[in-house]
Amino acid sequence: MKRLMALVVVFVSFGMVSAQTELSLWYHGAGNQVERDILVGIIDDFNASQSDWQVVLEEFPQQAYNESIVAAALSGTLPDIIDVDGPVMPNWAWSGYMQPLNLSEASLEGFLPGAIGMWDGEVYSVGLWDAAVAMFARRSVLEANNIRIPSLEEPWSFEEFDAALETLQATGEFDYALDLGMAWTGEWYPYAFSPLLQSFGGDLIDRSSYATAEGFLNGEEAVAFGNWWQSLFDRGLVPGTSQDGADRDTGFIDGKYALQWNGNWAALAALEAFGDELLFLPAPDFGNGSTIGAASWQFGVSANSEHADGANAFIEFALQDKYLAAFTEGIGLIPATASAAAMTENYSEGGPLEVFFELSEAQALIRPPTPGYVVMALVFEKALADIANGADVQDTLDAAVDEINADIENNSGYGF
Amino acid sequence: MQNALTSRPARPRSLQKRQEAIAGWLMAAPVIVLLTVFVIAPFFFAIYFSFTNQRLISPNPTEFVGLRNYQRMLNMRFFSLDPVSDATGNPVLNEEGNYSYPRLRTFTRDNPDYPQLDGLREYTSWQVGKKRLYLLVNDVVFIKALFNTIFFVLVVAPLQGGLALLLALLINQRLPGINIFRTIYFMPVVISMVVIAMLWRFIYDGNNGLLNSLLSFISIGRFEPQDWLGNPSLAMGALIAMSVWQAVGFHMIIWLAGLQTIPGVLYEAASTEGANGWQKFRHVTWPGLRNTAVFILIIITMQAFGLFIQVDVMTSGGPLDSTQSLVYQAYVRGFQKQDIAGGSAISVLLFLIVISISIFQAYVTRERRTR
């Protein structure tokens with residue numbers, strides 16, 4: 001693993017005179033040239049803008065990134081600036097890998113809440129972008145079947161949505177009425193599906209104490225969600241856990257699925273295929289409001305950095321609207337501020353993806369900010385897969401609660 | 001030697017011996033160091049961690065917890081329930097005409113009358129008269145992984161060994177082009193298991209996978225396409241078939257080596273005495289392969305207990321835990337769920353299982369030799 005890391009690690013230096021103190025920055029996006037170019041651009045600008053600090057970039061492939069950080073933390077060789085996935089941040093902050101940010105008050109003004117990583121009452125990380133999920137649909141398909149087109153103010157109700165799925169399936173034009181993305185195992189499950197559970201009134205954990213999942217993940221509302229979830233598969237409305245990854249990527253565009261629950265990163269490809277026909281609809285309201293997940297990759301400062309002031313200076317520098325807009329234009333992410341959104345083609349007023357910014361602003365709910373989230377996410381993923389495959393709903397959710405609670409107990413409450 | 005003694009002043013023999021010993025140790029040193037650092041030390045660490053609450057990352061200090069990790073995995077008890085009955089004491093039948101029983105969770109979750117059942121879950125249950133007898137376990141996933149792994153070994157060991165012997169007999173002939181067949185059978189062994197697992201995922205695909213297309217072609221469309229990896233009753237079988245296919249070539253080569261040590265004279269003698277093909281195999285080939293057979297059995301058993309990559313790449317233990325395995329669970333707990341202690345406890349149990357089987361197999365071998 002280490003040798004592999006050494007191979008992919010890319011050292012970027014700009015031949016600056018060594019009067020500047022070096023700051024190391026680790027980033028998860030190795031292999032993405034566009035992303036790299038934008039980041040290197042920011043680093044270049046920062047290094048040229050002042051004479052105290054020089055940021056040096058090292059890139060990792062995403063699959064190996066978290067493990068590399070853990071290994072570096074164990075051996076005490078963390079970089080000054082680290083890149084962290086939003087829901088994982090509390091785990092690293094609690095473990096003592098990260099220190100709170102020290103940014104000027106104005107720098108976070110107008111940021112989407114999902115782009116700001118809070119733990120223990122302090123800001124530990126901040127993102128230049130956020131991501132959002134929407135129901136991809138085609139106007140003509142909905143209109144042909146007399147299905148109301150929902151709005152942010154008036155999303156589909158539970159009954160309306162379920163009836164729509166039945167109607168679309170009954171047309172016989174599609175393999176499945178809805179594609180949930182069961183092929184995307186991993187973080188997609190808690191990110192995309194736990195908001196549905198929250199809309200039913202359940203949750204992964206008691207967000208007032210973060211001490212127990214009892215009654216939240218296995219309460220009445222959660223069981224109602226589980227029963228509905230299972231019925232989607234029983235009725236053949238959605239593809240199951242063995243869905244082919246390629247179908248997930250192209251099934252909606254190929255017309256195999258009538259609706260698709262997907263993220264803004266997939267929006268451009270669908271837009272190309274359907275143009276104005278394409279709709280990005282808000283999450284249905286299952287009784288407790290519509291919610292979607294929030295928080296993507298963010299920047300933070302490592303705990304043992306000797307140059308925290310320099311690291312903070314870089315992060316603050318990177319939070320300029322023009323850089324936010326650059327990432328958006330480059331890889332289709334949602335810019336973290338409205339002013340940056342206005343600078344982009346897709347997210348500015350009237351832009352084809354503007355709706356994602358509105359969704360993020362109106363409905364985003366971050367995944368539980370607790371160090372235990374890492375385990376919770378895995379437990380929830382397995383529970384959803386098992387229920388989809390026909391396991392008893394109540395027993396499965398009970399088992400998930402027990403596992404989450406045992407983990408919290410094993411970790412002496414994770415500092416709450 | 002004599003030359004050396006006469007032409008040069010002889011070194012004291014003890015010094016020379018000591019130098020040889022030092023050279024020997026020096027040459028062995030790289031291996032000894034690597035084995036110590038990467039095999040022996042982690043082994044003892046695992047035993048130690050399994051008695052603690054060690055986490056992968058945590059600011060909390062590690063605490064000694066005794067046997068708690070093992071108790072959580074192995075705790076099990078039997079429990080029987082009476083059918084639900086009406087006011088007169090007659091059992092109520094449900095729509096299908098079966099007895100109905102109260103929900104287990106009313107006994108196993110926070111029921112002060114049954115503290116011994118707290119947190120337990122149903123592994124399996126049987127009908128005994130009017131009663132329902134449950135086997136309750138604390139860690140259903142672990143128990144499933146344990147029995148899945150044992151099942152995997154019990155099927156794979158004879159199947160893979162037998163198939164390999166069959167192939168070895170087939171290719172142990174002097175025919176033109178036989179090396180081509182040897183290469184073909186051996187090919188999967190030299191390809192990375194990860195690559196093979198990825199390829200077989202396409203073969204087993206439920207919609208338009210190769211296997212479904214092939215079977216439906218052979219049966220002229222009468223075969224119903226199966227979701228091989230998505231069906232709990234088929235997934236384990238699918239993994240077994242693929243695993244046997246992958247490793248059979250390796251054991252075929254070992255059988256082949258064994259076959260070629262049997263002197264041709266024995267076959268000639270058998271032919272002279274009028275033995276037929278089966279008799280030759282039964283009384284010449286098989287006795288000659290006995291040691292090879294023992295070796296192959298032990299190797300396959302150990303490899304099969306290490307079932308991991310197929311599960312990780314193809315099914316992630318699902319659907320419904322039908323393909324969980326011990327090593328996969330040790331990995332999931334130790335690294336994904338950051339519970340090094342739990343993962344270590346599984347590894348230690350696996351070690352105990354494998355070493356007992358090896359001792360048993362060694363015992364059986366010794367018996368045969370003295371006969």
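Trainee: Why are H7(A) and H15(A) called roughly perpendicular to each other?

Mentor: In this predicted model, helix H7 (residues 188-200) of chain A and helix H15 (residues 373-388) of chain A pack at an angle of about 70°. Angles of 65 to 115 degrees count as roughly perpendicular, so H7(A) and H15(A) get that label. Their axes are 9 Å apart.

Trainee: Which residues make the contact of H7(A) with H15(A)?

Mentor: H7(A) contributes Tyr189(A), Pro190(A), Phe193(A) and Ser194(A). From H15(A) come Ala377(A), Phe380(A), Glu381(A) and Leu384(A). Sorted by class, the contact has 6 nonpolar, 1 polar and 1 charged residues.

Trainee: What makes Tyr124(A) count as buried?

Mentor: A residue is buried if 20 or more other C-beta atoms lie within 10 Å of its own. Tyr124(A) has 24 C-beta neighbours inside 10 Å, so Tyr124(A) counts as buried. Its place is in strand E6 (residues 122-126) of chain A.

Trainee: Which residues does Tyr124(A) touch, not counting residues up to four places away in sequence?

Mentor: Tyr124(A) touches Met89(A), Ala93(A), Met98(A), Pro100(A), Leu101(A), Gly117(A), Trp119(A) and Gly300(A). As for Asn102(A), it is 22 residues from Tyr124(A) in sequence, and the two are 8.8 Å apart in space, C-alpha to C-alpha.

Trainee: Which domains does the domain assignment of chain B give?

Mentor: The assignment gives domain 1 (11-49), domain 2 (76-137) and domain 3 (141-370). Taken over C-alpha atoms, the centres of domain 1 of chain B and domain 2 of chain B are separated by 59 Å.

Technical notes
Residues numbered from 1 in each chain as written. Chains lettered and ligands numbered in written order. Predicted model: local features only at pLDDT ≥ 70, side-chain atom pairs only at ≥ 80, totals over all residues. Axes fitted to C-alpha atoms, helices over the stretch in contact; angles between N-to-C directions. Helix = DSSP H or I, 4+ residues; strand = E, 2+ residues; numbered from the N terminus. Parallel < 35°, antiparallel > 145°, perpendicular 65-115°, else oblique. Contact = placed C-beta atoms within 7 Å. Nonpolar A, V, L, I, M, F, W, Y, C, P; charged D, E, K, R; others polar. Domains from an automatic or database assignment. Buried ≥ 20, exposed ≤ 12 C-beta atoms within 10 Å, placed from the backbone.
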